[in-house]
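Here is my note for a colleague who is meeting this structure for the first time. Please read the points below with the sequence and the model open beside them.

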Amino acid sequence: MGQEAILVVGGAGYIGTHMVKALLENGFHVITLDNLSTGHRDLIPGGEFIQGDLSDVQLLDRLFTERSIAAVMHFAAFSLVGQSVEDPIPYYQNNLAGTISLLSTMIRHHVKRFIFSSTAAVYGEPSQVPIHEMHPCLPTNPYGATKLAVERFLSDCDHAYGLRYISLRYFNASGADITAKLGERHVPETHLIPLIMKVALKELPQIRLFGTQYDTPDGTCIRDYVHVTDLAAAHLLALRSLIEGGTSATYNLGNSKGYSVREVIDLSRKVTGVDIPVEEVENRPGDPAVLVADSQQIRQELGWRPEYEHLEAIIETAWKWHQKDGPSPEISPF
C-alpha cells in the first residue's frame with residue numbers, strides 16, 4: 001500500500017489501541033486521531049498521533065489533504081447506555097453529527113472505505129436468540145439509536161456516493177492484549193469484567209449484581225463476550241475485504257455463546273483465586289434477559305475465527321492486565 005495510511009479515529013480508546021497494534025503488526029501505516037476525552041495517549045502502541053476531534057472539519061480537511069488515506073476506522077463514539085438516556089444531546093452531537101462530519105470530509109476527498117464500530121444495542125429487546133443480522137432493529141436507548149442512524153446514513157452514502165463500508169455490531173467486548181500492555185481502562189469503569197477484577201484487587205468492596213429474577217437458568221442476565229483481540233482481527237478482515245473491492249456489509253461480532261452474570265463471577269473467582277463478594281440489587285430498566293449473537297455470516301463470508309472462544313481465557317487476559325495497570329482514578333459502581 002506504499003505510504004497510504006489507515007486513519008483510526010478514536011484509536012486511543014480500549015478497542016482502538018488494540019486495532020492500532022494489529023494494523024502495525026500487519027504492516028500498515030497508521031494515523032490515530034483522538035481528542036483524548038476518554039482515550040489514553042500512553043496506550044497508543046505506535047504510528048502517528050494527532051490530537052483532535054472528528055467534528056473539527058478544518059482539521060479533517062487538512063488531514064485528508066496532507067495525507068494519503070486508504071481507509072478510515074471509526075471507534076470514537078460515546079458508549080455509556082445509562083448516560084445516553086440521562087443526557088442524549090452529546091450522544092447525538094458526537095456519535096451522529098460528528099460521524100456525518102467525518103464521512104462528509106471523506107467523500108469530499110474521495111476516500112471511500114469505512115469500517116464502523118457499531119453495537120448490538122441497535123437491536124433493542126430481542127424477539128429471538130441468537131440474534132441474526134436480519135433481526136429487527138428497535139433500539140431502546142439513545143446510544144443504540146445513534147449507532148443505527150449512522151448505519152442508515154452509511155447505506156445512503158453507499159448508494160449516493162459509492163462509499164463502501166463494513167459495520168461491525170459488537171456484543172460485549174472484553175479481555176486484554178495477551179502481552180498485558182493494552183487493556184480496558186475506562187474512566188469511569190462500568191463494564192462487568194473489569195469491575196469484577198477491581199473487586200479481586202480490593203479496589204471495590206463487592207460487585208453489584210443487577211437483577212436475579214430474569215427468565216434465565218440462574219435468574220441473572222446472559223451476555224455474549226468477545227475478546228478485544230478477536231474484534232481487531234475481524235476489523236482487519238473487513239479492511240482487506242474493502243481494499244480488495246468487496247461490497248458493503250453489516251456483521252455481528254460475538255462468540256455465539258452466552259454466560260450469565262453469576263457464571264462470569266464464578267469463572268472470575270476461579271481465574272483470580274479470590275473470593276468475589278456480591279451485592280444483589282434491583283434490575284436496571286431496559287436490560288434484556290439474554291443477548292447472544294449469531295455470528296455465522298462473518299465467519300462464512302470473511303473467514304473470521306475467534307481465538308478466544310471460552311470466557312475463562314478472556315478473563316485470564318483481563319486479570320493479567322488489571323494486575324499490571326494499577327488502580328483506576330475513578331470507578332463507577334454502575
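Does Ala-180 count as buried or exposed, judged by its relative accessibility? With a relative accessibility of 9%, Ala-180 counts as buried. Please keep in mind throughout that this is a predicted model.

1. Backbone at Ala-180 and His-110. Ala-180, which lies in the loop between S7 and H6, has a positive phi of about 65° although it is not a glycine. His-110 is another non-glycine residue with a positive phi, in its case about 60°, and it is found in the loop between H4 and S5.

2. Cis peptide bonds. The bond that leads from Val-129 to Pro-130 is cis, its omega being near 0°, and Pro-130 belongs to the loop between S5 and H5. Val-187 and Pro-188 are likewise joined by a cis peptide bond, with omega about 0°, and the place of Pro-188 is in the loop between strand S7 (172-174) and helix H6 (192-200).

3. Helix H5. This helix covers residues 142-161, which makes 20 residues, and it reaches 27 Å from its first C-alpha to its last, close to the 28 Å expected at 1.5 Å a residue. Its buried residues include Pro-142, Tyr-143, Gly-144, Leu-148, Val-150, Leu-154 and Cys-157, and among them are also the charged residues Lys-147, Glu-151 and Asp-158. The buried residues of H5 pack against helix H3 (81-86) and helix H4 (88-108), and also against strand S5 (113-119), strand S6 (164-170) and strand S10 (249-253). Just after H5 comes Gly-162, which takes a positive phi of about 75°.

4. Cysteines. How many disulfides does the structure hold? The structure holds zero disulfides. Cys-157 is in no disulfide, and the nearest cysteine sulfur, which belongs to Cys-137, is 18 Å away; a disulfide would need the sulfur atoms to be within 2.5 Å. Cys-157 is buried, its relative accessible area being 1%, and Cys-221 also counts as buried, at 6% relative accessibility.

5. Aromatic pairs. The structure holds two aromatic pairs. In the pair formed by Phe-78 and Tyr-91, the ring centres are 5.7 Å apart and the planes stand at 65°, so this pair is edge-to-face. Phe-78 lies in the loop between strand S4 (69-74) and H3, while Tyr-91 lies in helix H4, so the pair ties together parts that are 13 residues apart in sequence. Phe-78 counts as partly exposed at 24% relative accessibility, whereas Tyr-91 counts as buried at 1%. The rings of Phe-114 and Phe-116 have their centres 6.3 Å apart and their planes at 20°, so that pair is stacked. Both Phe-114 and Phe-116 are buried.

6. A charge over a ring. The charged end of Lys-257 sits over the ring of Tyr-259, at 5.1 Å from the centre of that ring.

7. Nonpolar cores. Which residues have the most contacts inside the largest nonpolar core? They are Ile-6 and Leu-23, in a core that has 36 residues. The elements that give two or more residues to this core are strand S1 (5-9), helix H1 (14-25), S4, S6, helix H7 (228-243), S10 and helix H9 (296-302). H7 gives the most to this core, contributing eight residues. Apart from this core lies another, of 28 residues, and among them are Leu-195, Leu-209, Tyr-259 and Ile-265. Ser-101. This residue lies in helix H4 and counts as buried, with a relative accessibility of 19%, where the cut-off for buried is under 20%. Leaving aside residues up to four places away in sequence, Ser-101 touches Leu-54, Ser-55, Val-57 and Leu-60.

Terms used:
Residues are numbered from 1 along each chain as its sequence is written. This is a predicted model: local features need pLDDT of at least 70, side-chain atom pairs count only at pLDDT 80 or more; totals for chains, interfaces and linings use all residues. Side-chain values use heavy atoms; hydrogens and water are left out. Buried means under 20% relative accessible area, exposed over 50%, partly exposed in between (1.4 Å probe, protein chains only). Helices (H or I, at least four residues) and strands (E, at least two) are DSSP runs, numbered from the N terminus. The expected span of a helix is 1.5 Å times one less than its number of residues. Contact means heavy atoms within 4.5 Å. Rings of Phe, Tyr and Trp (its six-membered ring) pair if their centres lie within 6.5 Å; planes under 30 degrees apart count as stacked, over 60 as edge-to-face and the rest as tilted. A charge sits over a ring if NZ of Lys or CZ of Arg is within 6 Å of the ring centre and within 35 degrees of the ring normal. A nonpolar core is a set of buried Ala, Val, Leu, Ile, Met, Phe, Trp, Tyr and Cys residues joined through side-chain atoms within 4.5 Å.
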